[in-house]
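Dear colleague,

Here is the structure I promised to hand over. Please open it beside this message and follow the text residue by residue.

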Amino acid sequence: MLPFGVRPGNCRRSHGQPSADTNGTDSDGVDTCISDPGPQVFNPSIADVLKVQNLLQRKVPRGLPEELIDMIIDAAEYWPSIEQKLEEHRIIQKDCDQVLLKTVPLCYDRKSLEQDSSPTPLPHRGAHPCRKIVFNISSHDQGSGKCRDNMYEFSWTWFDIEVIHGAHTKNMYANGIEQEILDNERGQVRKHYTEEDALLLPRHNKLQSNGAHVSEMQHNIIVWDYRDDIQADSPEALEIEKTLGRGRLTLDGHEVRELEIGDSIALWARARFPGWSNHVHQASVRIYWAV
């Protein structure tokens with residue numbers, strides 16, 4: 001896989017290292033890139049993965065054992081995936097946090113969730129099949145004020161992730177329309193956050209902060225991998241949080257490893273304090289799982 005150019009907020013991954021992904025295309029040729037043009041990668045369908053598994057099991061002389069096939073597939077990162085996009089410009093004002101998008105529940109098809117009373121999960125391997133999650137965000141804050149040497153220090157616009165457990169049971173879709181299932185998803189009601197509120201300030205489990213007082217577009221690609229293992233109290237995690245704006249509690253891969261079949265991921269955009277606003281131009285989340 002060709003590396004994506006490192007930019008502020010992005011980083012590359014070798015095992016145990018924070019990661020960046022390449023932009024890519026779906027198997028049907030639809031461009032999934034939302035940031036600067038770069039190297040492209042093929043995202044296989046479920047049928048593609050099953051075909052390769054069959055070739056390794058039946059066409060190779062004597063066939064390969066299933067455990068070895070799984071190891072080969074994982075080493076090649078040859079996993080099916082599904083992507084959810086936000087393609088409209090949104091401006092999140094002070095204390096009017098919004099959900100930018102919610103992913104289709106893991107290992108489920110949206111049409112089956114809408115049409116079937118008891119939908120069958122898509123093919124998957126194990127109880128925790130998620131292998132990688134790629135977040136792609138193009139955003140910036142209001143841009144006024146003095147920039148600091150540490151662009152993420154005292155930044156009051158950022159992004160959080162909320163896992164919706166058992167989302168496949170919550171009637172997320174009806175008549176072709178995605179339903180709101182979380183409180184105040186569109187930021188209809190301005191909330192008043194106090195010092196006791198956990199969401200008043202960005203926390204160490206944030207996904208990504210915008211650079212403070214930077215009006216230029218920032219393209220951030222954040223990759224969570226099930227093999228990530230950077231501990232939150234390590235010097236490396238502290239440096240990533242300081243220089244890249246990522247939350248140091250999100251670097252050990254536990255979110256990926258713990259995601260369950262039927263779970264959905266909600267991407268929240270937040271802004272705090274008078275005069276601050278989060279300008280989101282594009283966003284996407286692509287989830288990969290093992291078959």
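Predicted model: local features only at pLDDT ≥ 70, side-chain atom pairs only at ≥ 80, totals over all residues.

Residues are numbered from 1 along each chain as its sequence is written, and side-chain values use heavy atoms, with hydrogens and water left out.

Helix 2 covers residues 66-75 and contains methionine 71; helices here are DSSP runs of H or I with at least four residues, strands are runs of E with at least two, and both are numbered from the N terminus. Ile69, Asp70, Ile73 and Asp74 of helix 2 are buried, where buried means under 20% relative accessible area, exposed over 50%, and partly exposed in between (1.4 Å probe, protein chains only). Seen down the axis of helix 2, these buried residues fall within an arc of 130°, taken from the directions from the axis to the C-beta atoms, so they line one face of the helix. The face turned away from that buried side carries the exposed residues Glu67, Met71 and Ala75, and methionine 71 counts as exposed because its relative accessibility is 56%. Just after helix 2, glutamate 77 takes a positive phi of about 55°.

Strand 4 (residues 130-140) has 11 of its 11 residues buried, so it is largely enclosed by the rest of the structure. Strand 4 pairs in the antiparallel sense with strand 11 (residues 277-289) over 10 bridges, where pairing requires that DSSP finds at least two bridges between the strands. In this pairing, lysine 132 stands opposite tyrosine 288 of strand 11.

Best wishes
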